[in-house]
There are 2 protein chains.
Amino acid sequence: MIERKREEYYINVNPLQTGGRTNSEVRKVALQYVDGYSVCDYCKGMLHLIEKPPICDLTRELSRFLDMDESRITLGAREGKFAVIHTLLQPGDTIVCDSNRHYTTYVAAERVGAKIYEVESTGYPSYEIRPEGYREMIEKIRSETNKPPKLAILTHVDGEYGNLTPAKEIGEICKEYDVPFLLNAAYTAGRMEVKGKELGADFLVCSCHKGFGVPGAIGILATTNRWVNELFRKSQVYKKKDVELLGCTARSLAVATLIAALPYVKERVKKWDEEVEKARWFVDRMEGLGNITQLGVRPTQHDLLRFETPLLREIGKHHRKKGYFLYYELEKRGIIGLKPGQTDWFKLSTYGLTWDQVKYLYEAFEEIVKKFSG
Amino acid sequence: MIERKREEYYINVNPLQTGGRTNSEVRKVALQYVDGYSVCDYCKGMLHLIEKPPICDLTRELSRFLDMDESRITLGAREGKFAVIHTLLQPGDTIVCDSNRHYTTYVAAERVGAKIYEVESTGYPSYEIRPEGYREMIEKIRSETNKPPKLAILTHVDGEYGNLTPAKEIGEICKEYDVPFLLNAAYTAGRMEVKGKELGADFLVCSCHKGFGVPGAIGILATTNRWVNELFRKSQVYKKKDVELLGCTARSLAVATLIAALPYVKERVKKWDEEVEKARWFVDRMEGLGNITQLGVRPTQHDLLRFETPLLREIGKHHRKKGYFLYYELEKRGIIGLKPGQTDWFKLSTYGLTWDQVKYLYEAFEEIVKKFSG
């Protein structure tokens, strides 16, 4: 077994992890509910209706928080995407989505046998998804297949560049063509305010281990009244059981901790502007070091930052640890979360760091650059 | 939030929960890995190949432990069943399974659009599944549909009566008819030794939050070399990603705790005979109280016990708390896990209790019966 010392000993900037860090209240509840099936003490047959712990309130609150009509707890965003695709599509049917999508969007479609058409980003260096690209692609699918796609999926903020794509404009285009619209809010919900119906979303998926500060695996699948009966259809035999959820999903501490985390999450989304401010400050300073550039839309609107770093690649060329120098130099300074060996480019996230930590993070890079360049 | 005080303050006999209780080592690791995506620190693209923590060793060890060729971590037994059914069957295809099956076997088949044919149990009072019933049902399906079923599923021990059905005999029948055989070991693996290939299983699913003493949601899906490529087929685009698993599954403390739990689980299965002995002792004493009968196969071969309890129903008729008296009387004595109001019959599990606790449990019933009857 490898002991894990992360939050207490290191500043972890892995974008996968910064939004999933737990606070002490969540950790307390995690221990109370650590046993298998712990939330089932008072179950009457439906996970989302359990009153002790108050999962019934949780799902209602999540619907309100996300501005959707009905929510269910899932085992992650990908499982929610699959549930929607599996409900709406037959093998051979088509989906339109953005080219910055997560790999699981593709794999979920593949599992159903659906075909994906991608709206290409503008490419290097901003990799922007233009909303009008959805219109063009829907038209293209219509002309190629004689029908519109069965589903549109947008990665609200993608995991490669941290680009925030205008969901509302895409929601409007989808409405115009009567294409159901699934918003993947894995990198937005829990960090910033996401109002699903306002954005025109028919379906919204969230990742709580990515964005709500809880242990996984847990996500949210939310929808509107129009789709409730179809998406959350019940078993023919087990009238209380959702077919797409196989009955119950997160059957353990994950859902109990989400109850504990939600009040904190509701507060933290209000401070999103400051998170963006920290990220922008960091970008600004990093670019000041020399040949380092933030990719993606500028100025960034998210904490997930992708840098192109020829400056560091050059250092690596002459360093006896080659490209690994950066990882070790950062680790020495108590900073982790970058991929070892990666110096051409890297991703990091400043989410949840204090201003002091963000400054320390920058100063670490500054120190390393000064130490090894020229 | 409802504070949960269970293991320290109560004897919990809920059959769903007794095999999922965590030990202190597991709790320690749970806290280390409590943050979202905590096991992804050193990921190279495949959950089951992560070296830190050693998930790669875990899946290899699980395969050996379960006598199967290859294993993957899933989000639960039901998710494993769905993955197998979704891989092997098309809508309209047929499955043969036992009538004591878990509801999720039905719902997983329903989600695929498969049709289930059930081998009926012998009914009251033993509810036994005769292996020959599988032969008869396969023959029936053949004559009705002109082909054998695409899959046979057996609930190794069911959750209603705790009946252990001879899997090996059914495995042999399946082999004879060339029907792939899925063994649902949710109530056996982790408690008793389960040797999948020896039993003729092509697929084996386990529930670790039910049987391996860890928080969920986490399960195991294991198979033989014959099926590896089909069941664990990779994405066309993402060559490292399992389509049926949507890439990665239990992405958090659940998998880290399973690493910590496995050495204990390997030891505890060796003590299974004593667990059965405790259960039988308890049955014997309970039946000695009067009109109380253990249902299911006798003598029981499992810790999950179902009792028919006219004696307690009679007491409830005259008690001012009606059928709820039993729940409250047990709770007063620090015993929980029975459904409130249920006195016609109930299920409980003696798994993992010490002899002293089993005796205390019996004495509580004895005391309650003496206090209120006659």
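1. A word on terms before the domains come up: domain bounds here come from an automatic or database domain assignment. For chain A that assignment gives domain 1, made of 11-20 + 271-372, and domain 2, covering 24-268. The C-alpha centres of domain 1 of chain A and domain 2 of chain A are 30 Å apart. Please keep in mind that this is a predicted model.

2. The average pLDDT of chain A is 96, and 99% of its residues score at least 70. For the complex, the predictor gives an ipTM of 0.96 and a pTM of 0.97.

3. Now the overall build of chain A. You will find 13 helices and 12 strands in chain A. Its C-alpha atoms fill a box of roughly 70 × 55 × 35 Å along the principal axes. Of the 374 residues in chain A, 55% are buried. Counting contacts in chain A between residues at least 6 apart in sequence, 66% join residues at least 24 apart.

4. In chain A, 20 residues of domain 1 are in contact with 20 residues of domain 2. On the domain 1 side of chain A, the elements that each supply at least two residues are α10 (272-288), β9 (293-295) and β10 (304-308). The most comes from β10(A), with three residues. By class, this side of domain 1 of chain A has eight nonpolar, seven polar and five charged residues.

5. The relation between the two chains is worth a look on your screen. Chain A is superposed on chain B by a rotation of 180° with 0.0 Å of shift along the axis, at an RMSD of 0.0 Å. That is the relation of a two-fold axis. If you want a landmark in chain A, take A:Ala217: its C-alpha is the nearest to the axis, at 3.4 Å. Both copies use the same surface, as 100% of the contact residues of chain A recur in chain B.

6. What does the interface consist of? Here, 58 residues of chain A are in contact with 58 residues of chain B. On the chain A side, two or more residues come from each of α1 (24-32), α3 (77-88), α4 (103-112), α7 (208-211) and α9 (253-268). The top contributor is α4(A), which gives the most, with seven residues. The side of chain A that touches chain B divides into 29 nonpolar, 13 polar and 16 charged residues.

7. Is B:Gly36 buried or exposed? Buried, because 30 C-beta neighbours lie inside 10 Å of B:Gly36, where 20 or more are needed. Leaving aside residues up to four places away in sequence, B:Gly36 touches several residues of chain A, including A:Gln17, A:Gly20, A:His209, A:Lys210 and A:Pro215. From chain B, B:Ser252 is on that list too. As for B:Val255, its C-alpha lies 12 Å from that of B:Gly36, although 219 residues separate the two in sequence.

Key:
Residues are numbered from 1 along each chain as its sequence is written. Chains are lettered from A and ligands numbered from 1 in the order in which they are written. This is a predicted model: local features need pLDDT of at least 70, side-chain atom pairs count only at pLDDT 80 or more; totals for chains, interfaces and linings use all residues. Copies are superposed by least squares on the C-alpha atoms of residues with pLDDT of at least 70 in both. Two residues are in contact if their C-beta atoms, placed from the backbone, lie within 7 Å. pLDDT is the predictor's confidence in each residue, from 0 to 100. Helices (H or I, at least four residues) and strands (E, at least two) are DSSP runs, numbered from the N terminus. Ala, Val, Leu, Ile, Met, Phe, Trp, Tyr, Cys and Pro count as nonpolar, Asp, Glu, Lys and Arg as charged, and the others, Gly among them, as polar. A residue is buried if 20 or more other C-beta atoms lie within 10 Å of its own, exposed if 12 or fewer, and partly exposed in between; C-beta atoms are placed from the backbone.
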